[in-house]
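Here is a briefing on one protein chain.

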Amino acid sequence: MTNKEVGMEVQEQHNTIHWFRKGLRFHDNPSLLHALRTSRHVYPVYILDLDFMKDFKIRCGANQWRFMIQCLEDLDERLRKYGLRLFVVRGSAETFFREQFRRWNITQLTHDVETEHYHRFRDAAVRKIATDAGVEVVNYVAHTLYNIDKIIEYNGGTAPLTYRKFQKVLRDFGAPPQASEMATAEHFANCSLPPEDLHDEKYDMVTLEELGVKCENPFKFVGGETEGLRRVEKHLQNQGWITQFEKPKTAPTSLLPSTTGLSPYFSVGCLSVRYFYHRLNNIYAKAKDHSLPPVSLQGQLLWREFFYVAAAQTPNFVVMAGNPICLQIPWYENKEHLRRWRHAETGFPWIDAIMSQLQQEGWIHHLARHAVACFLTRGDLWISWEEGQKVFEELLLDADYSVNAGNWMWLSGSAFYHQYTRIFCPVRFGKRTDPNGTFIRAYLPVLKDFPAQYIYEPWKAPLKVQEAAGCIVGRDYPFPMVDHEIVSQQNLELMREIREQQRQITLLTLEGREDESSTSTDGGDSRKRKRPVHPANDDEIIKVVVTTAL
């Protein structure tokens, strides 16, 4: 149904539950608009099912819970201005709907479309309950730029697994649909709630205390649509920055996000990707020239869409076993190495500072994500990308089922990315953009008094320098857990052998180098290499950029 058709609908007299999931917003929320335009009573509902999260191993850390509750509080506050409220439900969606359809005399259920397999499983169960109860179910696509199922259908029933193939499909589709209008007082005017339901304390806001969660970390991201829209407007005022934005040219060592910092808001649906996409279009249309995908801001939204499409069609997308597009790599199992990586104890200050920032703030720059992901997997520790994915899912504010898994497969060299010979150096890469170690000093205060000469390699500092800095390596800060030069070369040889053995899997996400930017990649076939390839040094910059951090 088009936005125009939605706008022309005749006011009906439904009793409607609008089920908020990721679309925690008033703008570009066509299912919410449909509920408001066709109903007398509207019950806005958010369902918090901890057992569901446990069953499907959905991880959520303290920073995420705080951000999510802020989003829900913002949404509730906005609803109350128009005489409604947010009903926060604890427990099973199926149980809730089975009971409340009857109790509230519900005749209609509205919600947006989800793409994750576990949400589709739950939606099917809820739809069956609604059908049995005589409740009409209406939903709209709003969390993605396009209808993911239609993209797959157009591509012959399979997901395009390279960015170039994906772009070919999108050229036929044209621009994404326009965002629907903002829900305003006019839309809410004819909707109400019975007084006894409006004041029902059973569905009051969830708190961190109720969840048994403590979060004392300072935060740079306040949850909610109000803050998300404020940030969008602030960025869009700088049109020169918007038009010239190129993802690889942003700084991973900046103490404030050098990208937009909008990804947490897109992840939970406080911001609409369609809204942002078309606002960018308006700016591009007035510019003499502007950056283009894949490195432009619109390109980052398309990368997000690409991974949503791939995840919707690929079995076992978030694991290696049974995943048809993922190399089956015999990763090492080393719980102590994994623990030290997670808790910023690798002995490499650049890596540890990034992981410390992740723990504290729930956000790190996309190139910083590249660095720590490469270190954990193919670069140094040779530990499965699944383990890193779990940590990011728990700690990142913008953790996303599709994008998180896609990026971890990419960065570990397991799928999509074929410049596997490019390995981030855990010393030189950070030093290139932050030679004085300002970022390290901020997030690893134990090293703050080291001279710049040694801040990236404190183990090389003479004992007198360490004593003067108040930090003895091996006592106050660990020695490096591996010799990067040795293990990175060993891992490179392992990866080369594995890719040769599993060449057919590699080819699924490879298009004859057309998605590659580097002239040194061998496309997975070591026999065609004209010169030996070594791990990347500090002068080499990976130009193929994927996004988890707008």
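P294 lies in the loop between α15 and α16 (297–313); helices (H or I, at least four residues) and strands (E, at least two) are DSSP runs, numbered from the N terminus. The peptide bond from P293 to P294 is cis, and its omega is near 10 degrees. This is a predicted model, in which local features need pLDDT of at least 70, side-chain atom pairs count only at pLDDT 80 or more, and totals for chains, interfaces and linings use all residues. Residues are numbered from 1 along each chain as its sequence is written, and side-chain values use heavy atoms, with hydrogens and water left out.

**Positive phi**

- W382 is not a glycine, yet its phi is positive, at about 55 degrees.
- The loop between α19 (366–379) and α20 holds W382.
- W382 counts as buried because its relative accessibility is 1%; buried means under 20% relative accessible area, exposed over 50%, and partly exposed in between (1.4 Å probe, protein chains only).
- F416, also a residue other than glycine, has a positive phi near 70 degrees.
- F416 sits in the loop between α21 (401–411) and α22 (428–433).
- With a relative accessible area of 6%, F416 is buried.

**Whole chain**

- The chain has 26 helices and five strands.
- Of its 550 residues, 59% are buried.
- Take the contacts between residues at least 6 apart in sequence: 80% of them join residues at least 24 apart. Contact means heavy atoms within 4.5 Å.

**Helix pair α12 and α15**

- Helix α12 (residues 225–236) packs against helix α15 (residues 273–286) at an angle of about 15 degrees, and the axes are 12 Å apart. Axes are lines fitted to C-alpha atoms, for helices over the stretch in contact, and angles run from 0 to 180 degrees between N-to-C directions.
- That angle makes α12 roughly parallel to α15. Angles under 35 degrees count as roughly parallel, over 145 as roughly antiparallel, 65 to 115 as roughly perpendicular, and the rest as oblique.
- The crossing of α12 past α15 is right-handed. A crossing is right-handed if the near helix is turned clockwise from the far one by less than a right angle, and left-handed if anticlockwise.
- From α12, the residues L229, V232, E233 and L236 meet Y275, F276, R279, L280 and I283 in α15.
- The residues of this contact of α12 with α15 divide into seven nonpolar, no polar and two charged. Ala, Val, Leu, Ile, Met, Phe, Trp, Tyr, Cys and Pro count as nonpolar, Asp, Glu, Lys and Arg as charged, and the others, Gly among them, as polar.

**F26**

- F26 lies in the loop between β1 (14–20) and α2 (30–37).
- Its relative accessible area is 0%, so F26 is buried.
- Leaving aside neighbours within four places in sequence, F26 has contacts that include L32, L75, Y82, M182, F188 and E225.
- F26 and L271 are 245 residues apart in sequence, and their C-alpha atoms are 9.3 Å apart in space.

**Q389**

- Helix α20 (residues 385–395) contains Q389.
- Q389 counts as buried, at 8% relative accessibility.
- Not counting residues up to four places away in sequence, Q389 touches V318, N404, A405 and W408.

**Cysteines**

- C191 is buried, at 6% relative accessibility.
- C425 is buried, at 6% relative accessibility.
- The structure holds zero disulfides, a disulfide being a pair of cysteine sulfur atoms within 2.5 Å.
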